[in-house]
Amino acid sequence: MNLFLKIVLAGGLVSCSQSEKPTENAQTGRANKPNIILVYVDDLGYGDVGCYGATGVKTPNVDALAASGVRFTDAHCTAATCTPSRFSMLTGSYAFRNNAAILPGDAPLLIKPGTATLPGMLQKAGYTTGVVGKWHLGLGNGFIDWNQEIKPGPLEVGFSYSFLVPATLDRVPTVFVENRRVVGLDPQDPIRVDYTQKIGDYPTGLEAPERLKYTADAQHSNTVINGISRIGYMAGGKAALWKDEDIADVLLGKVKTFLTANRAKPFFLYFSFTDIHVPRAPNARFTNKSTMGLRGDAIAQMDWSVGELLKTVKALGLAENTIIIFTSDNGPVLDDGYDDQAVQRLGAHQPGGPFRGGKYSAYEAGTRVPTILYWPGKVKPGISRALLNQVDLYASLAGLTKQRLGAADAPDSYDLLPAWLGQDSTGRTAMVEESFTLALREKNWKYIAPQSKPTPEWLKNKTIETGLKTAPQLYDLSADVAERQNLAAKNPAQAKRMAAALTKITNNGQSRPPSQL
């Protein structure tokens, strides 16, 4: 019996039948504490969903969410890569202040216990908090014994419940961790993980290419699990291994369980998708749901999950008092280590929309991502051009739930709740965008700091424009949304002023204005 069926039989997939609906509105008397669901998709670009212009795949469920909510056209994650964005969103702090970078699969917990966090703040407001899906913020203190309790982790930084993909789909160990334990682990077959040398008897992608569903680059050609080679080496844990094609169902099952169990009290759910990150292996029922092969079919699977989430929220009688925020951790990437035909089958589809760059890039497509806020009856449906950043979710949700932040809490998070609710069309006046350099947005002006360090070797082969240059870059996005005309030489005063403003933000310990303390 595979792990997916074990989770189903254990109650992971909860039926939302009529008998399970509350007999009355479970949210009565709780108008000041709406439920909050943060849907965080992995590597989804600005142009990857229908309501933002997708052509290679249909996303009716995300589009329906946008039609009934506020769709933002200038909303950003904080960084062009996943770990920094997740860190910033959960802590309200720019990731560069903590040297947060893409973590290896065996990294220690990046958020130190005791740090003020978004889920911790909501716990103090009376919320039950849960995270389901990709974590990639490290676990433990530097050495993980995957066969024992794994801590510190999400439960030590503000979450009441967690069901995790520990790092990324392309890194070992390929197992789920629920709260502090690997799910389905056989004690007689302990897990071992090594990122420096081969261990155990699992083949590698280079040793057994005939076992692969598709080939990968050298970095991704270590241990083969489920016909896909990964980064790192693993031994043991056969009973606990996930099947990639079942992951979306497993995660959705845990989401349904969490929502059902907590429907009568306020909750915050961080639903962190593994789609559409590599390796892409959507369930067979989504085959050919797009014209773009596996990447497009993974987007279709993601859209289906959003639809099932919304159905569950409505079936449980929670819709009118539940905020759903849909967004992505960074911009799109096609070739990210696996030969899954994402580049060859792209067609006319534009993953980054009209913007330049993508994941890893300092250009706009690196951080400008699809963002929708849905709260039926509370927000007026429409389109907002407000400049927003995920780092502000912390202070904005604190404002919503009437929580006062400490002086050292969420140092870069602004309370911009009216903008998130579609009531203010301005949002931020300035913000930092992180990649392998730093950039500053001030309204329609964009300054990209020069970078003298060489481009990392592993990044040189990416089919993406990094934006890394040894000279400063300045763009007027009101006239040049694709960032093609560098105005730094023509407008040196503007470039110099923005460079100084960026330096001030990076040198100071926080950027949140004193008026919001």
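Trainee: What covers the buried residues of α7?

Mentor: The cover of the buried residues of α7 includes β1 (35-41), α3 (82-91), α4 (118-124), β13, β16 (388-389) and α8 (417-420). Contact here means heavy atoms within 4.5 Å, and buried means under 20% relative accessible area, exposed over 50% and partly exposed in between (1.4 Å probe, protein chains only). Helices (H or I, at least four residues) and strands (E, at least two) are DSSP runs, numbered from the N terminus.

Trainee: What kind of model is this, and how are residues numbered?

Mentor: This is a predicted model, in which local features need pLDDT of at least 70, side-chain atom pairs count only at pLDDT 80 or more, and totals for chains, interfaces and linings use all residues. Residues are numbered from 1 along each chain as its sequence is written, and side-chain values use heavy atoms, with hydrogens and water left out.

Trainee: Back to α7, then: how many of its residues are buried?

Mentor: Seven of the eight residues in α7 (residues 393-400) are buried. They are Leu393, Tyr394, Ala395, Ser396, Leu397, Ala398 and Leu400. Just after α7, lysine 402 takes a positive phi of about 60°.

Trainee: And which residues are buried in α2?

Mentor: In α2 (residues 60-67), Val62, Leu65 and Ala66 are buried. They cover an arc of only 100° around the axis, which puts them on the same side of α2; the arc is that of the directions from the helix axis to the C-beta atoms. Pro60 and Ala67 are exposed, on the face of α2 turned away from its buried side. The cover of the buried residues of α2 includes β2 (70-72), α6 (294-315), β13 (322-328) and β14 (371-374).

Trainee: Is asparagine 99 buried or exposed?

Mentor: Asparagine 99 is exposed, with a relative accessible area of 70%. It lies in the loop between α3 and α4 and has a positive phi of about 55° although it is not a glycine.

Trainee: Finally, how many helices and strands does the chain have?

Mentor: The protein chain has 10 helices and 20 strands. Buried residues make up 61% of its 517 residues.
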